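Dear colleague,

Please find the structure below.

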Amino acid sequence: MASPAPLSEPVTFPASEPAAIRAALTPTLLAEFDHEWEIVLDGAKNSKELSGILELLTKWRHIAFTEVREPGAYFRLQAKAEQIQRFGANPGAGSIEDMRALIARRQVS
C-alpha cells in the first residue's frame with residue numbers, strides 16, 4: 001500500500017458539529033454520514049438522550065480527519081474488514097511473534 005502524499009499544510013480535526021464534518025467529506029461519505037445522522041437523530045428524539053449524537057459526531061470527525069490525510073482510507077478499511085470476515089483471518093497480517101518483536105524494537109529505540 002502506498003504512503004500518503006505529504007500535505008502542504010497541517011491537517012486539523014473538523015469541529016464537533018455536523019456542518020464542519022460534512023464539509024470535510026467526499027460525496028460518497030457525505031451520503032453515509034447523512035444516512036447515519038438521520039437514524040441517530042430519530043433515536044435521540046425517541047430516547048431524549050444525546051449520547052448517540054455525540055458518539056456519531058466523534059466517529060465521523062475521525063473519519064473526516066483520516067480522509068483528508070489519506071483519501072480513500074475509509075473504503076480501504078471497509079474492504080479489508082470484508083476480506084477478513086470472508087476468510088475468517090487476515091491473510092496479510094504478521095504473526096503475533098512478529099508484532100511482539102516490533103514492539104520490543106520500538107521500546108528500545
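The expected span of a helix is 1.5 Å times one less than its number of residues. Helices here are DSSP runs of H or I with at least four residues, numbered from the N terminus. This is a predicted model, in which local features need pLDDT of at least 70 and side-chain atom pairs count only at pLDDT 80 or more, while totals for chains, interfaces and linings use all residues. Residues are numbered from 1 along each chain as its sequence is written, and side-chain values use heavy atoms, with hydrogens and water left out.

Helix α4 has 15 residues and reaches 21 Å from its first C-alpha to its last, close to the 21 Å expected. After α4 comes Gly88, with a positive phi near 75°.

Helix α3 (residues 51-69) packs against α4 (residues 73-87) at an angle of about 110°, their axes being 8 Å apart. Axes are lines fitted to C-alpha atoms over the stretch in contact, and angles run from 0 to 180 degrees between N-to-C directions. The two helices, α3 and α4, are therefore roughly perpendicular to each other (65 to 115 degrees). Ile63, Thr66 and Glu67 of α3 meet Ala73, Tyr74 and Phe75 of α4 in this contact (heavy atoms within 4.5 Å).

The largest nonpolar core has 13 residues; such a core is a set of buried Ala, Val, Leu, Ile, Met, Phe, Trp, Tyr and Cys residues joined through side-chain atoms within 4.5 Å, where buried means under 20% relative accessible area with a 1.4 Å probe, protein chains only. Ile21, Leu25, Leu29, Phe33, Trp37, Leu57 and Trp60 touch the most other members. The largest share of this core, six residues, comes from α3.

Methods: Parallel < 35°, antiparallel > 145°, perpendicular 65-115°, else oblique. Buried < 20%, exposed > 50% of the residue type's maximum accessible area, 1.4 Å probe, protein only.
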